[in-house]
Amino acid sequence: MVLNTATLGQSGPLVVFLHGLFGQGKNWTSIAKTLAEDHRVLLVDMPNHGRSDWHDRVDYLDMADEVAALFSAEDPVALVGHSMGGKTAMVLALRHPELVERLCVVDISPVDYHGLTEFGDFIVAMLGLDLDGLTRRSDADEALAGAVPHRTVRSFLLQNLRREGDSWSWQPNLTVLGRDLATLGGWPADRLAGLEPYPGPVLWVAGQTSAYVTDDYDAAMDRWFPQKRKVTVKNAGHWVHSEQPEVFTEVLRRFLAS
């Protein structure tokens, strides 16, 4: 399994970013550039995304172990993960605590979410796009407008559309991601049974209007991450780091310096 990565910065502690569903490592670039002044930063394309290899299934333990292979216990990391990347980061910290000096979980909880129908609808729309009939990216934007009316979300999805010569293709493994949405929305509690809670510091960032982090999920987070500190960012939803980048960056920078 080959994971595509990009690095910024030449000195300081190592900070690693894991993106969410339909994302790519480069989604974190602007925040990474800010941190790279005094950190080494690693941006990872998750399996089945970006320029990383594809799997024939989605599995959080597999993803966590594949990402963990990038690190060394002699150089433990500050691990930052959003959504799917956040669940992967949590599993990694629980399975390989010696590799993670501290953990930042962005707008996701260690629970099962049921009914990720919106994401399923996105995948259906993306797979239904006539790639052979495209002449320019704006054609794809227009074709997706009915199924994905929110311009910002549509623009985010279209970052996954790659052009090589006259051919277009989707970077994510949409077929497998669509088939395994229930796994993506789940939490492998039974397979983590017997592991100790992660002992290091944890920053749990929530978007004020997001349903992915609520008070109902505090107990689950406390079960696995007793040293957590929860921060809610106002005027932000699930993509809190994109909607309020300056606030998010400041919160993260303070956590890294603590």
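1. Strand 2 (residues 14-18) and strand 4 run parallel and are joined by four bridges. Across this pairing, Phe17 stands opposite Val80 of strand 4. The model is a predicted one.

2. Strand 4 also pairs with strand 5 (residues 100-106), again in parallel, through six bridges.

3. How many of the six residues of strand 4 (residues 77-82) are buried? Six of the six are, so the strand is largely enclosed by the rest of the structure. In a regular strand, side chains alternate between the two faces of the sheet. Here Val77, Leu79 and Gly81 point one way, while Ala78, Val80 and His82 point the other, and all are buried.

4. Helix 12 (residues 245-257) has 13 residues, and its first and last C-alpha atoms lie 18 Å apart, close to the 18 Å expected at 1.5 Å a residue. Its buried residues are Phe248, Thr249, Val251, Leu252, Phe255 and Leu256. They lie on the same side of helix 12 because they cover an arc of only 165° around the axis. An α-helix has 3.6 residues a turn, so residues three or four places apart point the same way. Glu246, Arg254 and Ala257 are exposed, on the face of helix 12 turned away from the buried side.

5. With a threshold of 30 Å³ or more, the cavity count is one. The largest cavity holds about 110 Å³ of space. Its lining includes Ser83, Met84, Lys87, Tyr113, Phe119 and Tyr212. Helix 3 (84-95) and helix 8 (181-185) each supply at least two lining residues. By class, the lining of this cavity has nine nonpolar residues, two polar and one charged.

6. The largest pocket has about 520 Å³ of space. It is lined by 24 residues, of which Thr152, Phe156, Trp239, Ser242 and Glu243 are the closest to its centre. Helix 6 (151-158) and helix 11 (240-243) are the elements that give two or more residues to this lining. The lining divides into eight nonpolar, 15 polar and one charged residues.

7. For the second largest pocket the volume is about 220 Å³. Among its 15 lining residues, Gln24, Lys26, Asp45, Arg51 and Gln171 are the closest to the centre. Strand 1 (5-8) and strand 6 (161-164) give two or more residues to the lining, and strand 1 has the largest share, three residues. The classes are four nonpolar, seven polar and four charged.

Technical notes. Residues are numbered from 1 along each chain as its sequence is written. This is a predicted model: local features need pLDDT of at least 70, side-chain atom pairs count only at pLDDT 80 or more; totals for chains, interfaces and linings use all residues. Side-chain values use heavy atoms; hydrogens and water are left out. On a 1 Å grid over the protein atoms alone, a cavity is a set of points where a 1.4 Å probe fits but cannot get out, and a pocket is an open set with protein on both sides within 12 Å along at least five of seven lines; lining residues have an atom within 4 Å of a point. Grid points are joined across faces, edges and corners, and a volume is the space filled by probe spheres set on the points. Ala, Val, Leu, Ile, Met, Phe, Trp, Tyr, Cys and Pro count as nonpolar, Asp, Glu, Lys and Arg as charged, and the others, Gly among them, as polar. The expected span of a helix is 1.5 Å times one less than its number of residues. Buried means under 20% relative accessible area, exposed over 50%, partly exposed in between (1.4 Å probe, protein chains only). The arc is that of the directions from the helix axis to the C-beta atoms. Two strands pair if DSSP finds at least two bridges between them.
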